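Please walk through the structure below with the sequence alongside.

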Amino acid sequence: MFSRKRKETYRIGDIDLWLPDEMASPAIRSVLSSGNYEQQEAWLLSGILQPDEVVLEIGAGMGYISTFCAKHFHVKEVHAVEANPELIPVIKRNHEINAVDVAVYNEILGPEDGEGQFYLHESFWASSATFWEGSRAVDVKLTSFQERLDTIKPTLLVLDIEGGEVDLFDRIDLTGVQKIFMELHLNNVGRHATLKLFNILGAAGFHYDQWHSQNACVLFSHVDRD
């Protein structure tokens, strides 16, 4: 019987996204086809980005948010970190399709350089550095988060790393960072870990910014930012 190949390119706002059919679970395909993929994040970011912004995205997924930021007239540079090696060709292809210049790194950010494991899920957005039932492990380069910060000197951090945000900022010098925009994963990490994250960022001078937060998408603003 003839089998028709499914759609692989989707239009989200003014951005074209490519995802090979074999990587598109039914849930992912549904969200992409609806045009709603990461639209809440993009809408909030549109009110956050400021002139000469240097963006470091951690957990780049398909490359939509890094593309969105790179197309924005306020943004000076965009750097995108993604641990899933299978998504790196997808990210680079989407940057190419949309004619944006983004530096892409296949790595996990942590306290020091080394090697780590990343767990791939059938739905790529559920993949994480924490084991899930049914996931499969791959070896991934581990890079010092502090080294990345010191080299790139971002003004804005954007994170969606399935709970990995809790321990990422422990004993990190965030000098120069003005805003941290992330998706929180309370269901994954629990109340105590979420409180730990708020306390770490609060001690570093960042407050919960209610004007640019919605549901699980939260902006932490430095108290002295412009």
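Gln 146 counts as buried because its relative accessibility is 18%, where buried means under 20% relative accessible area, exposed means over 50%, and partly exposed lies in between (1.4 Å probe, protein chains only). The residue belongs to helix H5, residues 145–152; helices here are DSSP runs of H or I with at least four residues, strands are runs of E with at least two, and both are numbered from the N terminus. Beyond its neighbours within four places in sequence, Gln 146 is in contact with Arg 171, Ile 172 and Asp 173, contact meaning heavy atoms within 4.5 Å. This is a predicted model, in which local features need pLDDT of at least 70 and side-chain atom pairs count only at pLDDT 80 or more, while totals for chains, interfaces and linings use all residues. Residues are numbered from 1 along each chain as its sequence is written, and side-chain values use heavy atoms, with hydrogens and water left out.

Next come the nonpolar cores. A nonpolar core is a set of buried Ala, Val, Leu, Ile, Met, Phe, Trp, Tyr and Cys residues joined through side-chain atoms within 4.5 Å. The largest one has 38 residues, and those with the most contacts inside it are Leu 19, Leu 32, Leu 45, Tyr 64 and Phe 181. Helix H3, residues 64–71, gives the most to this core, with 4 residues. A second, separate core has 25 residues, including Leu 56, Ile 172, Ile 200 and Phe 220. In soluble globular proteins, nonpolar side chains tend to be buried together.

Helix H3 is mostly covered, with 6 of its 8 residues buried. The buried residues of H3 are Tyr 64, Ile 65, Ser 66, Thr 67, Phe 68 and Cys 69. How does H3 lie against helix H2, and at what angle do the axes cross? Two packed helices are described by the angle between their axes and the distance between the axes. The axes of H2 (residues 39–46) and H3 come within 10 Å and cross at roughly 25 degrees; axes are lines fitted to C-alpha atoms, for helices over the stretch in contact, and angles run from 0 to 180 degrees between N-to-C directions. H2 and H3 are therefore roughly parallel to each other, since angles under 35 degrees count as roughly parallel, over 145 as roughly antiparallel, 65 to 115 as roughly perpendicular and the rest as oblique.

On the H2 side, Gln 39, Glu 41, Ala 42, Leu 45 and Ser 46 meet Tyr 64, Ile 65, Phe 68 and Cys 69 of H3. Apart from its neighbours within four places in sequence, Leu 45 touches Ile 65, Phe 68, Cys 69, Leu 156, Val 158 and Phe 181.

Cys 69 is in no disulfide, and the nearest cysteine sulfur, that of Cys 217, is 13 Å away. Cys 69 counts as buried because its relative accessibility is 0%. Cys 217 is likewise buried, with a relative accessible area of 2%.

Ile 58 is in strand E3, residues 53–58, and is buried, with a relative accessible area of 5%. Leaving aside neighbours within four places in sequence, Ile 58 is in contact with Val 81, Leu 109, Phe 145, Val 158, Leu 159, Asp 160, Ile 161 and Leu 168. Ile 58 and Tyr 105 are 47 residues apart in sequence, with their C-alpha atoms 9.5 Å apart in space.

Val 81 lies in strand E4, residues 75–82, and its relative accessible area of 2% makes it buried.

The last two residues sit in loops. Most residues other than glycine have a negative phi. Ala 99, however, has a positive phi near 55 degrees. Ala 99 is in the loop between helix H4 (88–97) and strand E5 (103–106), and counts as exposed because its relative accessibility is 70%. Asn 215, also not a glycine, has a positive phi of about 55 degrees. Asn 215 lies in the loop between strand E11 (206–208) and strand E12 (217–222), and at 70% relative accessibility Asn 215 counts as exposed.

How values were computed: A disulfide is a pair of cysteine sulfur atoms within 2.5 Å.
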